[in-house]
Amino acid sequence: MLEPSPKDPAPAEDAESEPRPGRVRKPIGWSTIIIAVLVAVSAGLVWRRDGTDGVLDILTHDLSLFSGILPRVLAGCLLGAFISEILPHEKVSRSLGPKSGLMGLLIGTAFGAILPGGPFTAYPVASALLAVGADFGATIAMVVSWTLIGYGRAVAWEIPIMGTDFTLWRIVISLPLPVLAGALGRFVYIRLYPKPLAKDDES
């Protein structure tokens with residue numbers, strides 16, 4: 001009888017339990033190029049209508065706006081980096097990973113509904129969850145839930161302006177949407193980025 005070689009590949013179960021690597025982000029992509037072209041065209045139109053003073057006035061206003069937003073952007077990025085280091089990868093992958101099923105989508109929906117703060121908090125947290133093992137489906141459910149069901153905006157803005165009845169019905173109707181969006185995102189992602197087969201499966 002032949003003894004198993006120590007170089008045999010790891011079992012398929014171990015390979016499947018590992019989180020799927022995310023796509024490498026390029027510093028300059030098509031979105032950046034499109035935005036830069038739109039900015040240049042808009043600046044040219046403003047200069048043609050209002051001259052140099054109009055362009056400088058807009059730039060001054062935007063710089064003051066950017067200086068106010070920059071601290072929150074940095075804080076959100078730091079929050080996402082710290083969360084990705086603090087959260088246990090195995091537990092996140094088990095609860096929100098590709099094999100979490102419907103429960104993972106429900107957990108993502110519940111987490112998004114109670115997540116406080118604005119986009120400077122929600123998106124860094126979502127990015128951190130992807131980095132520590134959550135799959136696209138559960139993360140999409142979290143972001144959609146934060147957008148549609150987030151209690152912070154409902155309590156601070158929607159109930160005082162629109163009333164309790166409208167807010168409650170809007171939340172009830174929106175409850176299944178994050179789960180459906182997460183399930184669709186998981187279905188599409190698996191087919192766009194199929195997982196490589198283990199050597200045992202290929203043989």
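## Helices from end to end

Helices here are DSSP runs of H or I with at least four residues, strands are runs of E with at least two, and both are numbered from the N terminus. By that rule, glutamate 158 lies in helix H7, and we will come back to this residue below. The model is a predicted one, where local features need pLDDT of at least 70 and side-chain atom pairs count only at pLDDT 80 or more, while totals for chains, interfaces and linings use all residues. Residues are numbered from 1 along each chain as its sequence is written, and side-chain values use heavy atoms, with hydrogens and water left out.

What is the protein built from? It has 10 helices and zero strands, so its pattern along the sequence reads α-α-α-α-α-α-α-α-α-α.

## The protein as a whole

Of the 203 residues in the protein, 25% are buried. Buried means under 20% relative accessible area, exposed means over 50%, and partly exposed is in between, using a 1.4 Å probe and protein chains only. The protein exposes about 14,700 Å², and carbon and sulfur atoms supply 70% of that area. Accessible areas come from the Shrake-Rupley method with a 1.4 Å probe; for residues, only the protein chains shown count as cover.

Contact means heavy atoms within 4.5 Å. Among the contacts with a separation of 6 or more, 75% are between residues 24 or more positions apart.

## Regions listed by UniProt

An unreviewed UniProt entry lists residues 28-47, 59-83, 103-122, 129-149 and 169-189 under "transmembrane region". UniProt positions are given in the numbering used here, feature names are shortened, and annotations may be inferred rather than shown by experiment.

Two of these spans can be looked at in the model. Residues 129-149 are 76% helix and 0% strand, with end C-alpha atoms 19 Å apart. Residues 169-189 are 95% helix and 0% strand, and here the end C-alpha atoms are 32 Å apart.

## A nonpolar core and a nonpolar patch

A nonpolar core is a set of buried Ala, Val, Leu, Ile, Met, Phe, Trp, Tyr and Cys residues joined through side-chain atoms within 4.5 Å. The largest one has 15 residues, and those touching the most other members are Val92, Leu96, Leu115, Val125, Leu129, Ala134 and Met142. Helix H3 (89-96), helix H5 (119-131) and helix H6 (136-148) each give two or more residues to this core, and H5 gives the most, with five. Which residues does leucine 96 touch, not counting those up to four places away in sequence? They are Gly104, Ile107, Gly108, Leu129, Gly133, Ala134, Asp135 and Ala138.

On the surface, Ile28, Trp30, Ile33, Ile34, Val37, Leu38, Val41 and Leu45 form a nonpolar patch with about 870 Å² of accessible area together. Patches are made of residues with over 30% relative accessible area and no salt bridge; like charges are joined within 9 Å, and nonpolar side chains (Val, Leu, Ile, Met, Phe, Trp, Tyr) within 5 Å. Tryptophan 30, one of the patch residues, lies in helix H2 (residues 30-86) and counts as exposed because its relative accessibility is 70%.

## Three salt bridges

Side chains of opposite charge can pair when their charged atoms come close. A salt bridge is a side-chain nitrogen of Lys or Arg within 4 Å of a carboxyl oxygen of Asp or Glu, and the whole structure holds three. In one of them, aspartate 50 meets arginine 49 at 3.0 Å, N to O. Aspartate 50 counts as partly exposed because its relative accessibility is 40%, whereas arginine 49, at 66%, counts as exposed.

Another joins aspartate 135 to arginine 186, with the closest N and O atoms 2.6 Å apart. Aspartate 135 lies in the loop between H5 and H6 and arginine 186 in helix H9 (residues 176-192), so the pair ties together parts 51 residues apart in sequence. Both residues, aspartate 135 and arginine 186, are buried.

## Back to glutamate 158

Arginine 170 and glutamate 158 also meet in a salt bridge, at 2.4 Å from N to O. This pair links distant parts of the chain, with arginine 170 in helix H8 (residues 164-174) and glutamate 158 in helix H7 (residues 151-162), 12 residues apart. Is glutamate 158 buried or exposed? Glutamate 158 counts as buried because its relative accessibility is 14%, and arginine 170 is buried too.

Leaving aside neighbours within four places in sequence, glutamate 158 is in contact with Arg153, Gly163, Phe166, Thr167 and Arg170. Threonine 167 lies in helix H8 and, at 1% relative accessibility, counts as buried.
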